[in-house]
Amino acid sequence: MRSSLRRQLLHLATDLSALAAKPDDLGHGFDLLTRSYATPVADAARAALRSDPAIAPLIHERYWGPWPSPAELLALPQESLGHAYASWFADAGGQPLPDPVLQAGSDGDDTWLHQRVRHTHDLWHVVCGCPPTAAGEAAMNAVNVMQLRWPGSAMLLGADLLHRCLDGPPAGEVDAGQAAAYGLELGRVCAPLLAQRWEEGWDRSLTDWREQLGITALVARSPFRPEQSRA
């Protein structure tokens, strides 16, 4: 085994161990993601995304639409995607995720892919009905495993489940295993989230977006819905 690969695996093992003990350890979480981007599995994932006919047009044009300010989004109708996103973002602390750290020399397509996934991560939370909690992140990691084949997301999900094995399900919160099952099914059923031109539909209702994505019925059974959490 090459020494560089051995070092990477040791770093990843350290990150996983820390995250299994404390899933909200952001430092180890982002380090794990950064290191995972340089793996052969990530190369295969990016190749699959570039060849996806639904995603390829956005990659070709490096699509970015306008992102209004939080105040502008909150001024949209309450049922709209923009209003729902701005409200969720404020409740989550109002801090955007840091840009992904990529290998030197990454080409433009790969840079766009990683930046687009990172920048729309919170928006995907809203569309999928997943809150900014440990369980909500577990669900989104599962979505990413199904839709992006992101190795870092698979490892983060593994850490979530290892934490559940160590500490058991949290009292009064959605179980990480249930959240992971929901996210895996959501990622399987949903139209590609990375293929959506969200910025062209800020004023469209969240209900319309979910219908277009084919996830209305599944979101209605989400474990994060209050009535489901009480069941």
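This is a short tour of a predicted model, stop by stop.

**Stop 1: confidence**

Colour the chain by pLDDT. The protein averages 90. At least 70 is reached by 94% of the residues. Now select residues 206–213. This is helix H12, whose mean pLDDT of 98 is the highest among the elements of the protein. Next, select residues 226–229. Here is helix H14, with the lowest mean, 52. Where pLDDT is low, the predicted coordinates should not be read in detail.

**Stop 2: two packed helices**

Select residues 134–148 for helix H9, then residues 176–189 for helix H11. Look along the pair. Their axes lie 7 Å apart, and the helices pack at an angle of about 35°. The crossing of H9 and H11 is right-handed. Which residues make the contact? On the H9 side, show Ala135, Ala138, Ala139, Ala142, Val143, Met146 and Gln147. On the H11 side, the contact residues include Ala176, Ala179, Ala180, Tyr182 and Gly183. Arg188 of H11 takes part too. Colour the contact residues by type. You get 12 nonpolar, three polar and one charged.

**Stop 3: the largest pocket**

Rolling a probe the size of a water molecule over the atoms shows where empty space is left. The largest pocket has a volume of about 830 Å³. How many residues line it? There are 32. Select Leu26, Phe30, Leu97, His121 and Glu137, which lie nearest the centre of this pocket. H2 (26–36), H6 (81–91), H7 (108–119), H8 (121–128), H9 and H10 (151–167) each give two or more residues to the lining. By type, the lining of the largest pocket has 18 nonpolar, eight polar and six charged residues.

**Stop 4: the second largest pocket**

Colour the lining by type once more. The second largest pocket shows 11 nonpolar, four polar and three charged residues.

Terms used: Residues are numbered from 1 along each chain as its sequence is written. This is a predicted model: local features need pLDDT of at least 70, side-chain atom pairs count only at pLDDT 80 or more; totals for chains, interfaces and linings use all residues. Side-chain values use heavy atoms; hydrogens and water are left out. Axes are lines fitted to C-alpha atoms, for helices over the stretch in contact, and angles run from 0 to 180 degrees between N-to-C directions. Helices (H or I, at least four residues) and strands (E, at least two) are DSSP runs, numbered from the N terminus. A crossing is left-handed if the near helix is turned anticlockwise from the far one by less than a right angle, and right-handed if clockwise. Contact means heavy atoms within 4.5 Å. Ala, Val, Leu, Ile, Met, Phe, Trp, Tyr, Cys and Pro count as nonpolar, Asp, Glu, Lys and Arg as charged, and the others, Gly among them, as polar. pLDDT is the predictor's confidence in each residue, from 0 to 100. On a 1 Å grid over the protein atoms alone, a cavity is a set of points where a 1.4 Å probe fits but cannot get out, and a pocket is an open set with protein on both sides within 12 Å along at least five of seven lines; lining residues have an atom within 4 Å of a point. Grid points are joined across faces, edges and corners, and a volume is the space filled by probe spheres set on the points.
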